[in-house]
Amino acid sequence: MKTSWRSASFVAMAAALLALTTACGQDQAGASGTSQNVGDAAPAQGGYGAGSDGYGSDGYGSSGDTAAKAESAGQLAVWDSKKLGSVVTDSAGFTLYRFDKDTAQPPQSNCDAACLKAWPAVPADGAKAAPGVDASLLGEVTAADGTKQLTLDGWPVYRYAKDAKPGDAKGQGVGGVWYAAAPDGKKASPAAAARPADLKGLSTRKDPKLGEIVVDRNGMTVYRFLKDSAWPIKSNCAGACAEKWPAVTPVAKNDTDGIPLKGYMTFDRPDGTKQQTLNCWPVYTFSGDKKPGDTNGQGVGGTWYAAAPDGKPVGAPK
């Protein structure tokens, strides 16, 4: 008996849907969601301003007549440099800096209009604390050009116009007054890198009470929220919850160690940012964890638990 083309098409579609569904959330199934495999996104293009021919005796640098565009920093991140230690970056991976002639107590920017052409003030609007970093460290101050400038533990933060691509740190040490910013607002330095080891973006550690759990590149514990869903992938932590439990930002597959790659993908949160998943489950860090090894989020509200490498919540009730 011949099989009609419609029947064959239906069978093929059903098989494809079944294969996709079984790849995510072993303990939950459902309809499709919006997700993206890590590494699919196009790299950031260009820098934040034109280059300069000289740095200037005042340490400001010169970038021509046009200031670099003041773009929102978005979701901050922490880049671990062997030379500089832990460095704060914006969502595109560009290094953020602090200026020794500024003050933190009280917060004040002393970078004038000419200075801001080479060192654009980072707008406070839209900036979110890096995962594992206390959100209360973020604040704002008014820059010389009227920008509501982001501060980190009171220190105004800037980009540098000569940084042309993510990972550049050409502003480090300029004039003896400009330095990459560390997550706590201090100057970045190898000694200030508060990491127990040279960790990957996501890896695991043996906790004496919980067993093998997932940690981020700073050694901070990664958590699951029982009110989320894996298929369709959905986070039910927003607003004040998201400030207390920062979403883990995307981590490339080749920047993991000991993490199963089945169901390892990102998805779009309601605010437009992307969040990492483990086996399709959204994962987070906890602002109440102050140092690597802390597990202060374990069991909070009966809904938050450390994440196992396979995405399951460690110690959650059956």
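Which residue in the turn of the hairpin formed by strand 7 and strand 8 has a positive phi? In this hairpin, which has 5 residues between its two strands, G146 is the residue in the turn with a positive phi, at about 90 degrees. The model is a predicted one, in which local features need pLDDT of at least 70 and side-chain atom pairs count only at pLDDT 80 or more, while totals for chains, interfaces and linings use all residues. Residues are numbered from 1 along each chain as its sequence is written, and side-chain values use heavy atoms, with hydrogens and water left out.

Strands here are DSSP runs of E with at least two residues, numbered from the N terminus, and two strands pair if DSSP finds at least two bridges between them. Strand 8 (residues 148–152) has 4 of its 5 residues buried, where buried means under 20% relative accessible area (1.4 Å probe, protein chains only). The two antiparallel partners of strand 8 are set out below.

| Partner of strand 8 | Bridges | Residues between strands | Positive phi in turn |
|---|---|---|---|
| Strand 7 (residues 138–142) | 5 bridges | 5 residues | G146, about 90 degrees |
| Strand 9 (residues 155–156) | 2 bridges | 2 residues | D153, about 55 degrees |

Within these pairings, L138 stands opposite L152 of strand 8, and T151 has P156 in strand 9 as its bridge partner.

Elsewhere, T95 sits in the loop between strand 3 (85–89) and strand 4 (97–99), and T95 is buried, with a relative accessible area of 1%. A polar atom of the T95 side chain lies 2.6 Å from the backbone oxygen of D168. Not counting residues up to four places away in sequence, T95 touches several residues, among them W79, V87, Y158, D168 and A180, where contact means heavy atoms within 4.5 Å.

Notes. Buried < 20%, exposed > 50% of the residue type's maximum accessible area, 1.4 Å probe, protein only. Polar contact = N/O pair within 3.5 Å; in protein donor to acceptor, adjacent residues only side chain to side chain.
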